[in-house]
Amino acid sequence: MALQRVDHDLAADAMRALNKIRKDANGNVSPEVLTRLASLPTMLRTSGVLPSLAYYTAKRGTENPLEKAYDVVGTELRAQICAVLGWDEAGRPSLDLDFLDRLTQHLRGHPADTALLSARLEQFAVWLSRLAEALEREQKAAAAQEPQDA
């Protein structure tokens, strides 16, 4: 039996989320979206798990690339939570108020799980932040290589 490394799984999960965001943005992710992705680890550390999840739930949508990015990341955050808690969910649902209520009730009864979730979500967020930074550099380099119209 081969051992699985959680950090490799988190890196793959973060890359899947970033690739979905890139696809939704037709390959060119805006600086605003990249900045928000890069700020997720800080948000989790300063605000905590539940307030951060509530923020992503409130901001998700389908109208513009930033709302879509919040939805993609929220979906992945939910999947990470389910992995830690052993919750089985069909498909890959996004964050919603029912899920937040369920999670809040769970954490009230199992407060030690808050630390486990916080660690897992921060690790995922760090991967996402690193990958967003790499994408930002790639996009800047590609823009610099494009011929300038005179």
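**Note on side-chain packing and charge pairing in the predicted model**

1. Asp 13 lies in helix H1, where helices (H or I, at least four residues) and strands (E, at least two) are DSSP runs numbered from the N terminus. The structure is a predicted model, in which local features need pLDDT of at least 70 and side-chain atom pairs count only at pLDDT 80 or more, while totals for chains, interfaces and linings use all residues. Residues are numbered from 1 along each chain as its sequence is written, and side-chain values use heavy atoms, with hydrogens and water left out.

2. With a relative accessible area of 13%, Asp 13 is buried; the term buried means under 20% relative accessible area, exposed means over 50%, and partly exposed lies in between (1.4 Å probe, protein chains only). Leaving aside neighbours within four places in sequence, Asp 13 is in contact (heavy atoms within 4.5 Å) with Glu 76, Gln 80 and Phe 124.

3. Asp 13 also forms a salt bridge with Arg 16, and the closest N and O atoms are 2.9 Å apart. A salt bridge here is a side-chain nitrogen of Lys or Arg within 4 Å of a carboxyl oxygen of Asp or Glu. Because Asp 13 and Arg 16 are three residues apart in helix H1, about one helical turn separates them. Arg 16 is partly exposed, with a relative accessible area of 39%.

4. Arg 16 has a further partner: a salt bridge joins Arg 16 to Glu 76, with 3.3 Å between the closest N and O atoms. This pair links distant parts of the chain, since Arg 16 is in helix H1 and Glu 76 in helix H4, 60 residues apart. Glu 76 counts as buried, at 3% relative accessibility. Salt bridges link Asp 13, Arg 16, Glu 76 and Arg 92 in a network. In general, side chains of opposite charge can pair when their charged atoms come close.

5. The structure holds twelve salt bridges. One of them brings together the side chains of Arg 137 and Glu 133, at 3.5 Å from N to O. These two residues are four apart in helix H6, so they are separated by about one helical turn. Arg 137 counts as exposed at 58% relative accessibility, whereas Glu 133 counts as partly exposed at 41%.

6. The largest nonpolar core has 39 residues, of which Leu 37, Val 73 and Leu 103 touch the most other members. Such a core is a set of buried Ala, Val, Leu, Ile, Met, Phe, Trp, Tyr and Cys residues joined through side-chain atoms within 4.5 Å. Two or more residues of this core come from each of helix H1 (6-24), helix H2 (31-47), helix H3 (49-59), helix H4 (65-85), helix H5 (97-109) and helix H6 (112-145). H4 gives the largest share, nine residues. Not counting residues up to four places away in sequence, Val 73 touches Ile 21, Leu 37, Leu 40, Tyr 56, Phe 124 and Leu 128. In soluble globular proteins, nonpolar side chains tend to be buried together.

7. A search of the whole structure finds four aromatic pairs. Rings of Phe, Tyr and Trp (its six-membered ring) pair if their centres lie within 6.5 Å; planes under 30 degrees apart count as stacked, over 60 as edge-to-face and the rest as tilted. Tyr 55 and Tyr 70 form an edge-to-face pair, with 5.7 Å from centre to centre and 80 degrees between the planes. Tyr 55 lies in helix H3 and Tyr 70 in helix H4, so this pair ties together parts that are 15 residues apart in sequence. Tyr 55 is partly exposed at 30% relative accessibility, while Tyr 70 is buried at 3%.

8. Tyr 56 and Tyr 70 form another edge-to-face pair, at 4.8 Å centre to centre and 80 degrees between the planes. Tyr 56 in helix H3 and Tyr 70 in helix H4 are 14 residues apart, and their pair links distant parts of the chain. Tyr 56 is buried, with a relative accessible area of 3%. Ring pairs link Tyr 55, Tyr 56 and Tyr 70 into a cluster.

9. Two arginine-tryptophan arrangements complete the note. Arg 102 lies over the face of Trp 87, 3.8 Å from the ring centre. The charged end of Arg 130 sits over the ring of Trp 127, at 5.6 Å from its centre. A charge sits over a ring if NZ of Lys or CZ of Arg is within 6 Å of the ring centre and within 35 degrees of the ring normal.
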